[in-house]
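Here is a walk through one protein model, taken a piece at a time. Have a look at the sequence and the fold before reading on.

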Amino acid sequence: MRTVFSNPDKSDQIKRYWSDRARATEPSSAQATTYDVFLRRLEISTLKEKLEAASLPDGSTVVDLGCGDGYTTVSLAAEFPTVRFIGIDWSEEMLALARQKLLTLEAPPGTVSFRLGDIRHLSADLHSGKFEVFLSVRSLINLTSSEEQYDTITQIAEHLTPGGYYFGIEDFLQGQRNFNHMRAAMGLPELPVRWHNHFFDEEILLAETRNLFDPVALESFSSSYFLATRVIYSAGCHLMGVEPDYFHPIHRTAGMLPAIGDFSPIKLICARRKLCKEALCAS
Ligand SMILES: C[S@@+](CC[C@H](N)C(=O)[O-])C[C@H]1O[C@@H](n2cnc3c(N)ncnc32)[C@H](O)[C@@H]1O
């Protein structure tokens, strides 16, 4: 049994941060959870490829943990009409935006639902249900400690069907360090980890999850995107004395480049739940 260190005051602050942010965002905007809309598109296309490769049977369910404004959930649902999507978030304000997205993006009727819940307590959110896929997109980095993060990942494994998939798009210290080295080489200041984020360590994630998933791997899908936008483009802006603009066309182009190197904090955790029942007992 894992001892889970938590920081309730900080969790409350984080929840308030996201609710305030949702309140300040127009329902039609895709910027409620990050200002970088083209990064979101890259995340969605990456998850779409993974879900296609998973060849989910009709009637399968994908659970999106910390779904925020639902842009990712609903965009994916539009691509997989025979799959059910459940989005969970603890912010009523984010869920209000998510329900608006259901009206404007073209998901097949009745395939998407949103629930208020805390992703640290999946049995309360999902009871004893088992599901084919879990997603987390920049949501586990909002938990206040590594213990909370790994406890949540263990719960994900417990709620996956044998052979089910966990695809997590989360931030890692190593990629952050690498892209900050590149920024420093270009004369740019380091970008810090923000107060409400707790990044993963790659080696520890792989070691902690080995008992639950087989295989488990990390993919640096946004490396070229970060190199082009946060290093090269930012250095150009610095040179010209202008502020970087998330809608500058370089973002659209960068999202189409093949991923090379290891220059982004944001990576994809690709994990498949072990088939044998003993795996979870041994963890
Ligand atoms: C960076 S946003 C990402 C939203 C979305 N996954 C996306 O693709 O943009 C993080 C989201 O996680 C939610 N969140 C953070 N901690 C949570 C928790 N313990 N339970 C439920 N939701 C949580 C926040 O409310 C916020 O909407």
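## A loop residue to start with

R138 sits in the loop between β4 and α6 (146–158); helices (H or I, at least four residues) and strands (E, at least two) are DSSP runs, numbered from the N terminus. R138 counts as buried because it has 20 C-beta neighbours inside 10 Å. The scale behind that word goes like this: a residue is buried if 20 or more other C-beta atoms lie within 10 Å of its own, exposed if 12 or fewer, and partly exposed in between, with C-beta atoms placed from the backbone. R138 is not a glycine, yet its phi is positive, about 50°.

The loop between β4 and α6 also holds L143. L143 counts as buried, because 24 C-beta neighbours fall inside 10 Å. Setting aside neighbours within four places in sequence, L143 is in contact with R120, E148, Q149, T152 and H198; a contact means that the two C-beta atoms, placed from the backbone, lie within 7 Å. L143 and H196 are 53 residues apart along the chain, and 8.2 Å separates their C-alpha atoms.

## What kind of model this is

This is a predicted model, where local features need pLDDT of at least 70, side-chain atom pairs count only at pLDDT 80 or more, and totals for chains, interfaces and linings use all residues. Residues are numbered from 1 along each chain as its sequence is written.

The protein has a mean pLDDT of 95, with 96% of its residues at 70 or more; pLDDT is the predictor's confidence in each residue, from 0 to 100. Over residues 279–283, though, the pLDDT is below 50, and this stretch has 10 contacts in the model beyond near neighbours in sequence.

Most residues other than glycine have a negative phi, and most peptide bonds are trans. H127, which is not a glycine, has a positive phi near 55°. You'll find H127 in the loop between α5 (122–126) and β4.

P215 belongs to strand β6 (residues 213–219).

Helix α2 (residues 37–54) has 18 residues and reaches 26 Å from its first C-alpha to its last, close to the 26 Å expected; the expected span is 1.5 Å times one less than the number of residues. Its buried residues are F38, L39, R40, L42, E43, T46, L47 and L51. They pack against several elements, including α3 (71–79), β4 (131–137) and β5 (160–171).

Helix α4 (residues 92–104) has 13 residues and spans 19 Å from first C-alpha to last, close to the 18 Å expected. E93, M94, L95, L97, A98 and K101 are buried in α4, and the buried residues of this helix pack against α1 (8–23), α3, β2 (84–89) and β3 (112–116).

S91 lies in the loop between β2 and α4. S91 counts as buried because it has 25 C-beta neighbours inside 10 Å. Leaving out neighbours within four places in sequence, S91 is in contact with K15, W18, S19 and A22. S91 and S19 are 72 residues apart along the chain, with 5.7 Å between their C-alpha atoms.

## The cores

Which residues have the most contacts inside the largest nonpolar core? They are F134, L135, Y166 and F167, in a core of 59 residues. A nonpolar core is a set of buried Ala, Val, Leu, Ile, Met, Phe, Trp, Tyr and Cys residues joined through C-beta atoms within 7 Å. Strand β5 gives this core its largest share, five residues. A second, separate core of 10 residues includes F38, L42, V231 and F263.

## Around the ligand

There are 17 residues around the ligand, and W18, T33, G66, G68 and V137 come nearest; a residue is near a molecule or strand if its C-beta atom, placed from the backbone, lies within 6 Å of it. The shell divides into six nonpolar, seven polar and four charged residues. Here Ala, Val, Leu, Ile, Met, Phe, Trp, Tyr, Cys and Pro count as nonpolar, Asp, Glu, Lys and Arg as charged, and the others, Gly among them, as polar.
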